[in-house]
Amino acid sequence: MTESRTVPEHLRDAVAQARAQVAALHAELPRWGLVVWTAGNVSQRVVADPDGGPGPEDLLVIKPSGVTYDALTPESMVVCDLDGTLVEGDRSPSSDTAAHAYVYRHMPEVGGVVHTHSTYATAWAARREPIPCVLTMMADEFGGEVPIGPFALIGDDSIGRGIVETLRSSRSPAVLMANHGPFTIGADAKAAVKAAVMVEEVARTIHIALQLGTPHPIEQDKIDSLYDRYQNVYGR
């Protein structure tokens with residue numbers, strides 16, 4: 001963040017692109033049934049020094065607090081520094097901004113963060129139970145189970161700390177924060193939105209499987225093989 005708390009001139013184009021991308025990606029959350037009313041948010045990192053890579057001077061673009069999805073536009077998105085302080089925008093940042101900012105500060109490889117209260121994933125979070133890896137799609141996308149993060153109150157970076165502490169020891173791009181809901185990460189915001197869609201899909205499918213009986217786990221070596229193929233071969 002600069003002392004004047006304005007977007008540096010050399011980042012104007014990158015911020016404008018991020019505003020447009022984040023606004024468009026927010027529309028994907030209700031389209032896939034992941035949010036209700038104004039809940040949920042998507043953010044994207046804007047790297048201040050593309051040649052040097054992610055750093056503490058980066059910015060993030062996120063939706064404002066309490067705005068309905070059909071009212072979101074690129075212009076309504078807000079820009080914050082990585083302390084979660086508003087840099088540019090007419091409204092207050094999302095109440096989850098501190099969590100997003102903490103993730104960006106401590107996981108430089110992350111370029112996008114998403115939070116939803118999608119029904120089935122949040123139901124697993126309410127039970128404080130990880131989603132077991134019993135589907136090849138889970139092995140592909142998550143590299144194993146979707147883990148549970150600690151209970152944390154909203155308002156400071158406690159949620160962000162829980163996300164980082166949990167995902168640093170997991171291949172999963174998704175974490176179910178206890179009694180709260182899923183947070184997902186990605187190389188960019190689009191990848192994080194995909195992870196949010198996929199975590200709800202597997203949460204729903206495995207919930208249904210449990211109503212029918214006991215799902216069979218996939219052996220760890222098979223999970224590793226599936227994950228490696230999907231991440232490094234599939235679609236290349």
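Buried means under 20% relative accessible area, exposed means over 50%, and partly exposed lies in between, computed with a 1.4 Å probe on protein chains only. With that in hand, select Glu145: this residue is partly exposed, because its relative accessible area is 41%. Before moving on, note that this is a predicted model, where local features need pLDDT of at least 70, side-chain atom pairs count only at pLDDT 80 or more, and totals for chains, interfaces and linings use all residues. Residues are numbered from 1 along each chain as its sequence is written, and side-chain values use heavy atoms, with hydrogens and water left out.

**Stop 1: around Glu145**

Helices (H or I, at least four residues) and strands (E, at least two) are DSSP runs, numbered from the N terminus. Glu145 sits in the loop between helix 5 (136–142) and strand 6 (148–149). Now show its contacts, where contact means heavy atoms within 4.5 Å. Setting aside neighbours within four places in sequence, Glu145 touches Pro130, Ile131, Pro132, Cys133, Met138 and Ser172. For a sense of scale, draw a line from Glu145 to Val233: the C-alpha atoms are 21 Å apart, and the two residues are 88 apart in sequence.

**Stop 2: the cysteines**

From Glu145, step to its contact Cys133. Cys133 is buried, since its relative accessible area is 8%. Select Cys80 as well, which counts as buried because its relative accessibility is 0%. If a disulfide is a pair of cysteine sulfur atoms within 2.5 Å, how many disulfides are there? The count comes to 0.

**Stop 3**

Go to strand 8 (residues 181–186), where you will find Pro182. Is Pro182 buried or exposed? Pro182 is buried, as its relative accessible area is 2%. Beyond neighbours within four places in sequence, its contacts include Val114, His115, Thr116, Ala121 and Val199. Pro182 and Val134 are 48 residues apart along the chain, with 19 Å between their C-alpha atoms.

Next, pick Asn179 in the loop between strand 7 (174–177) and strand 8. Asn179 is not a glycine, yet its phi is positive, at about 60°. At 42% relative accessibility, Asn179 is partly exposed.

**Stop 4**

Two packed helices are described by the angle between their axes and the distance between the axes. Here, axes are lines fitted to C-alpha atoms, for helices over the stretch in contact, and angles run from 0 to 180 degrees between N-to-C directions. Angles under 35 degrees count as roughly parallel, over 145 as roughly antiparallel, 65 to 115 as roughly perpendicular and the rest as oblique.

Display helix 4 (residues 119–126) with helix 7 (residues 189–212): their axes come within 7 Å and cross at roughly 70°. Helix 4 is therefore roughly perpendicular to helix 7. The contact is made by Thr119, Tyr120, Ala121 and Trp124 of helix 4, together with Val199, Glu200, Ala203, Arg204, Ile206, His207 and Leu210 of helix 7.

**Stop 5: helix 3 on helix 6**

Switch to helix 3 (residues 97–106) and helix 6 (residues 158–167), whose axes lie 7 Å apart at an angle of about 40°. That makes helix 3 and helix 6 oblique to each other. On helix 3, highlight Ala99, Tyr102, Val103 and His106; their partners on helix 6 are Ile159, Gly160, Arg161, Ile163 and Val164.

**Last stop: Trp37**

Finish at Trp37, in the loop between helix 2 (28–31) and strand 1 (41–46). Trp37 is exposed, with a relative accessible area of 72%. Its phi is near 55°, a positive value in a residue other than glycine.

Note on methods: Disulfide = S-S within 2.5 Å.
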